[in-house]
Amino acid sequence: MAQKEAGTQQGRVKTEDNVGAKAVAGGLTAGGGVVVEVREKKGPLRAAIPTMPFPLAVICLFLNTFIPGLGTFISAFTVLCGARSELISERGVCCVFWLNVAAAFIQILTAVIMVGWIMSIFWGMDMVILASCREQGVPQDV
């Protein structure tokens, strides 16, 4: 169990010490443990990936698999058509659009050395994951 240190009581989760993750203390589980939620801290390019309808996300993944950067470039235009992203509230639609265009450009340029191709496939997989979470009704960090 947690020891008493710097004003925290035994059994509580201290959230200020987590640098790369955000911990939230929840209720006790059946085994007596504490439920902790960890969220990944994303960079600006990764946070700019739009949440699209599932079929469109699958199409973008397919395009990114065979033509690196094309699916990411198309997903940039979905931001202009109303797709949501984690960065829109902070930076605005125009900035998120240009971040997605920049990601597509990076994928295209580095595809020659396979880095961009791999990045492009992972980008497409992230689009599908975000779309499936949206379909299941899982709330996002906005």
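## Confidence, annotated spans and a buried asparagine

Within the protein chain of this predicted model, confidence is lowest in strand E1 (residues 21-28), with a mean pLDDT of 50, and highest in helix H2 (residues 54-66), where the mean is 96. Residues 1-25 have a pLDDT below 50, and this stretch makes 30 contacts in the model beyond near neighbours in sequence. For the protein chain, the mean pLDDT is 81, and 75% of the residues reach 70 or more.

The unreviewed UniProt entry carries the annotation "transmembrane region" for residues 54-83 and 95-119. The geometry and secondary structure of these spans in the model are given below.

| Span | Distance between end C-alpha atoms | Helix | Strand |
|---|---|---|---|
| Residues 54-83 | 12 Å | 80% helix | 0% strand |
| Residues 95-119 | 21 Å | 84% helix | 0% strand |

Asn100 belongs to helix H5 (residues 93-110). Is Asn100 buried or exposed? The relative accessible area of Asn100 is 0%, so the residue is classed as buried, the cut-off being under 20%.

The surroundings of Asn100 can also be described. Leaving aside residues up to four places away in sequence, Asn100 touches Ala48, Ile49, Pro50, Thr72, Ser75, Ala76, Val79 and Trp123.

Notes: Residues are numbered from 1 along each chain as its sequence is written. This is a predicted model: local features need pLDDT of at least 70, side-chain atom pairs count only at pLDDT 80 or more; totals for chains, interfaces and linings use all residues. Side-chain values use heavy atoms; hydrogens and water are left out. UniProt positions are given in the numbering used here, feature names are shortened, and annotations may be inferred rather than shown by experiment. Helices (H or I, at least four residues) and strands (E, at least two) are DSSP runs, numbered from the N terminus. Buried means under 20% relative accessible area, exposed over 50%, partly exposed in between (1.4 Å probe, protein chains only). Contact means heavy atoms within 4.5 Å. pLDDT is the predictor's confidence in each residue, from 0 to 100.
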